[in-house]
Amino acid sequence: MRPYEGECLMLSESAKSRIVDLFPRYPDKHSVMLAALRVAQEERGYVTEEAMGEIAVLLEQTPVQVYETATFYTMFSLQPLGKHVIQVCRTLSCALVGADGLVRYLEQTLGIKAGETTPDGLFSLKTVECLAACGAGPMMQINDDYYEYLTGEKIDRILADLRREGRSPLASGPFLIPLLISSPP
Amino acid sequence: MRERERELVNYEKILLKNMETPGYTGDLAAYERAGGYRAIRKVLKEYKPEQVIEIVKKSGLRGRGGAGFPTGTKWGFIPKDPTLTKYLCVNADESEPGTFKDRQLIDRDPHQMLEGTLIAAYAIGAKVVYIYIRGEFALGAKILERAIAEARAKGYIGKDVFGSGIGIEIWVHRGAGAYICGEETALLESIEGKRGLPRAKPPFPAINGLYQKPTVVNNVETVSNLPHIINRGPEWYAAIGTPKSPGMRIFSVGGHVKRPGNYEVPLGISLRELIDEHAGGVRDGHRIKAIIPGGASAAFFTPEHLDVKLDFESIAQAGSMLGSGGVTVMDETTCMVWAAYNLLGFFHHESCGKCTPCREGSAWLYHILERIEHGEGRPEDLAQLERLCGNIAGKTVCAFGDAEVAPILSTLKHFRDEYEAHIREHRCPIGDGVAALAAR
């Protein structure tokens, strides 16, 4: 995906003030780096070069300091992504209970390979490392939400929900496993 | 459910008690109804900071992040000079594959963790605390922010904690996807807004930590223990578990077990009890082939090790480590070369790139395992793997180097014949290791 022509790639004024508002929490501005990059990513769906330049000015760093940080952390993308970014955990505990099957299922259902975005710009698919949901696999994260104990049927419902409403009630709530734990005997 | 009830009778839960009570919401009112925020009040009223450190030393509490360093001793390294600024960082960057306990402690009982955080901050004289939570825990960060706001509104956190005249601010600092930031000095770099590259030690964070100031980094589970140690006394705590590894520990059990989950048990129970009694045993019709007892950085065990006691010393003596408490169980359908290959995929991806042996070595290890698993291994590959491992472990700035070789060296030790069969037969004799996705 490419940004459309004429799209504004700068930080908005409200994004800038969200960044500046965090300064009092730290003895130096540099510490706001990760939060600033997150604000930039939330605003455009990815971190633009223009935004990195502006973050450098706000945080009194060189542009390359912003760039080297943005490229170190996997949650920042320097390229546009789909509206819903699906991240499947591929690490051992999830792999033991069906992570590879989950990736294949999503690839077939969405018609793309891991690392790609659907032509309509709705979904991006990638594999990631352990997301601390090992007992509840196979699992995936879509944007901020975790989806756990996945089956083919559940994935179909989640994708349909996202297409229709932009969100799904099947997202995990506060974590507690095993879930049976407090049910009466 | 029957087994479950028996276990509830056997061990009194401490950290999971509130959240396993039906209807417990985890908000401030619920936490206080359950007896919360009594310990910090007592600490502020009755104890000097040094006395809190002594109590924690006496309890024998050891860090729950992975290394198991005695918490009171760690605090004791902080200079007493009151004019120095000190920092406390709570490590909520839970990323060790197989581990999912801190996530539950954060999501379900955030005030327990915050009360412990206040106690630790008071003990070391920190006026500012950063909770470093992994970026993917968006829900956990929101829950913590809300809990902090509740506590701040009541004057429990802020300029005048419980009217004591002492100021303690707690801020949530979100990571952005980097396993290495769980390493304490990488965590400090990350809070400072940089790439998460571990620092050479010494100097240790207690002397030269965050912003070059004396700093303590404690794990979520570690601080969650503190209110209970204050309320019930260090002698009570020290009597649980084993003499050298006291207290309860939350083990995250996953993989091929019937009931994966977080189980809080006294340190020193056997691996067999944890897997069979608590996690329901291996899935029906199968038998255990291998167990990772303490997160992906710990060496693989075999069924011969099932009677090893789950405490820091016993596990180390048996050749692995208690680590993060993440227990991964694999049955006989699992190819050990594939398992090591999967984990090296993790380590290769997560190596921060600072030290050459780890950066280059993880790639070599990964690619050699890849070709062995895919039937393209060469007879000399096993010696090559061992040589590479010997050139990584102990030769890097942080413990990541030792961690990445553990899956290989331990599977080579216990399952060498499986590696040899891959090379001899030019294929994986077990199967492709791909577990299918359930339809429903």
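The model is predicted. Chain B averages a pLDDT of 95, and the mean for chain A is 93. In chain B, 4 strands form an open parallel sheet. Helix 9 of chain B is largely enclosed by the rest of the structure, because 8 of its 8 residues are buried. Over all chains the count comes to 18 aromatic pairs.

**Confidence**

- In chain B, 97% of the residues score at least 70, and the average pLDDT is 95.
- Residues 1–9 of chain B fall below 50 in pLDDT. This stretch still has 17 contacts in the model beyond near neighbours in sequence.
- In chain A, 93% of the residues reach 70 or more, with a mean pLDDT of 93.
- Residues 181–185 of chain A also have a pLDDT below 50. Their stretch has 7 contacts in the model beyond near neighbours in sequence.

**The sheet of chain B**

- The strand order is 3-2-1-4, and the sheet is open with parallel pairing.
- Strand 3 (169–174) and strand 4 (215–219) of chain B are the edge strands. Each pairs on one side only.
- From one strand to the next, the twist averages 20 degrees.
- Strand 1 (residues 87–92) of chain B runs parallel to strand 4 of chain B, and 5 bridges join the two.
- B:Asn91 has B:Asn219, in strand 4 of chain B, as its bridge partner.

**Helix 9 of chain B**

- The buried residues of helix 9 of chain B include B:Glu184, B:Thr185, B:Glu189 and B:Ser190. Also among them are B:Ala186, B:Leu187, B:Leu188 and B:Ile191.
- These buried residues pack against helix 2 (33–44) of chain A. Within chain B, they pack against helix 5 (71–76), strand 1, strand 2 (128–133), strand 3 and strand 4.
- B:Gly193 follows helix 9 of chain B and has a positive phi, near 90 degrees.

**Aromatic pairs and a cluster**

- By the ring-pair rule, there are 18 aromatic pairs over all chains.
- B:Tyr37 and B:Phe162 form a tilted pair, 6.1 Å centre to centre with 45 degrees between the planes.
- This pair links distant parts of the chain, 125 residues apart. B:Tyr37 lies in the loop between helix 2 (28–33) and helix 3 (38–46) of chain B. B:Phe162 lies in the loop between helix 8 (138–153) and strand 3 of chain B.
- B:Tyr37 is buried, with a relative accessible area of 0%.
- B:Tyr179 and B:Phe400 form an edge-to-face pair, 5.8 Å centre to centre with 65 degrees between the planes.
- B:Tyr179 sits in the loop between strand 3 and helix 9 (184–191) of chain B, and B:Phe400 in helix 17 (residues 400–414) of chain B, so the pair ties together parts that are 221 residues apart in sequence.
- Both B:Tyr179 and B:Phe400 are buried.
- One aromatic cluster is formed by A:Tyr26, B:Tyr87, B:Tyr130 and B:Tyr211.

**Charges over rings**

- B:Arg103 places its charged end over the ring of A:Phe175, 3.7 Å from the ring's centre.
- B:Arg134 lies over the face of B:Phe137, at 5.7 Å from the ring centre.

**Individual residues**

- A:Ser93 belongs to helix 5 (residues 92–96) of chain A. A:Ser93 counts as buried because its relative accessible area is 5%, under the 20% cut-off.
- Not counting residues up to four places away in sequence, A:Ser93 touches A:Cys134, B:Gly98 and B:Thr328.
- B:Ile207 lies in the loop between helix 9 and strand 4 of chain B. B:Ile207 and B:Phe77 are 130 residues apart in sequence, but 7.6 Å apart in space, C-alpha to C-alpha.
- Leaving aside neighbours within four places in sequence, B:Ile207 contacts B:Phe77, B:Gln212, B:Lys213 and B:Pro214.
- B:His305 is in the loop between strand 7 (288–292) and helix 13 (312–317) of chain B. At 13% relative accessibility, B:His305 counts as buried.
- B:His305 is in contact with B:Leu271, B:Ala318 and B:His414, again leaving aside neighbours within four places in sequence.

How values were computed
Residues are numbered from 1 along each chain as its sequence is written. Chains are lettered from A and ligands numbered from 1 in the order in which they are written. This is a predicted model: local features need pLDDT of at least 70, side-chain atom pairs count only at pLDDT 80 or more; totals for chains, interfaces and linings use all residues. Side-chain values use heavy atoms; hydrogens and water are left out. Two strands pair if DSSP finds at least two bridges between them. Axes are lines fitted to C-alpha atoms, for helices over the stretch in contact, and angles run from 0 to 180 degrees between N-to-C directions. Rings of Phe, Tyr and Trp (its six-membered ring) pair if their centres lie within 6.5 Å; planes under 30 degrees apart count as stacked, over 60 as edge-to-face and the rest as tilted. Buried means under 20% relative accessible area, exposed over 50%, partly exposed in between (1.4 Å probe, protein chains only). A charge sits over a ring if NZ of Lys or CZ of Arg is within 6 Å of the ring centre and within 35 degrees of the ring normal. pLDDT is the predictor's confidence in each residue, from 0 to 100. Contact means heavy atoms within 4.5 Å.
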